[in-house]
Amino acid sequence: MNRNALDWIGLAGPTASGKTAAALALAQALPVEITSVDSALVYRGMDIGTAKPSAAEQALVPHHLIDIIEPEQAYSAAQFARDAKTLIAEIQARGRLPLLVGGTMLYFKALVDGLDELPQGDASLRAELDAEAARLGWPAMHARLAEVDPVSAARLAPADAQRVQRALEVWHLTGQPLSSFHSRAETPAAPARHLLIALEPLSRAWLHERIALRFEAMLAQGFLAEVQALRARGGLHPGLPSIRCVGYRQAWEALDAGLSGQALHDDLMARGVAATRQLAKRQLTWLRSMARQVVACDGGDPADEVRRQVLQAIQAR
């Protein structure tokens, strides 16, 4: 294989689409190193609820950008782009092919297209927005966002408080919609030669069933104990990006409400699965706006088709 044929391979897709399995299968055919493109896998101590690759899976092939920060810390798309570019160069220097795997589409966009510099957060403005949201509700705040930034509003769920708040904050600080910062991002002078493959379902019902089964499996593996351990360490709260991750936020809220036993299980299953479905919907919306080759994750052997497309792309170079 000519390691210079492609700068990197990307494997994207919604949650529960089988990205990890496909990536490990590809690693059996090619000398790759995997870089995670997942905003939740960066956190230490958050393993079950993020479906983090197991220690055994990580031992099969080198993995990067997993377990790099504590849940109290933040990690941005811009930081990811810088780290990923460094890793891509280092992996290439070792004569291996960088394989970027994950479902955080903003990270892929930051790497491929770049991102304009966004204004720093304003604590007082955020407090004002939070106060308004407490009075009006986040759906009303989302409706307000739709008036000034319909592109961002269409991409965000009305209950996605963190991102709705950030979009409104950017509008108030700059007078410009958040979407305009993304669209104005400059294309790098020397675009990377890459192949982005997306695992996407032909049937949304298939993905919904996979999500429910995986969430049930997470609970059986001890997800609630993991969240309780996070609560016990102190210093964490629902306002942090780590605790706002899908599943963790719902579990935190259920425990705050004093639920236990079967009521806790049932509440978390219902709200966690619903939130994960919404996440998958947003991921698919992002993917439709990106240049990619699609592999049906619910048809045939997706891992085999991913391998075929990658080998074909390498041979064509």
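I called two strands paired if DSSP finds at least two bridges between them. Helices (H or I, at least four residues) and strands (E, at least two) are DSSP runs, numbered from the N terminus.

**Ground rules**

This is a predicted model, so I noted that local features need pLDDT of at least 70 and side-chain atom pairs count only at pLDDT 80 or more, while totals for chains, interfaces and linings use all residues. Residues are numbered from 1 along each chain as its sequence is written, and side-chain values use heavy atoms, with hydrogens and water left out.

**A closer look at S2**

I then turned to strand S2 (residues 32–36) and its partners. With strand S4 (residues 97–102), S2 pairs in the parallel sense over five bridges, and I found Thr35 opposite Leu100 in S4. With strand S3 (residues 63–64), S2 also pairs in the parallel sense, over two bridges; here Ile34 stands opposite His63.

Which residues of S2 lie on each side, and are they buried or exposed? I found Val32, Ile34 and Ser36 on one side and Glu33 and Thr35 on the other, all of them buried. Buried means under 20% relative accessible area, exposed over 50%, and partly exposed in between (1.4 Å probe, protein chains only).

**Whole chain**

Stepping back, I counted 14 helices and six strands in the protein chain. The radius of gyration is 20 Å, close to the 20 Å from the globule rule for 317 residues, so the chain is as compact as a globular protein of that length. That radius is taken over C-alpha atoms, and the rule is 2.2 Å times the number of residues to the power 0.38. Along the principal axes, the C-alpha atoms fill a box of roughly 60 × 50 × 35 Å.

Buried residues make up 46% of the 317 in the chain. I also checked contacts (heavy atoms within 4.5 Å): among those between residues at least 6 apart in sequence, 77% join residues at least 24 apart.
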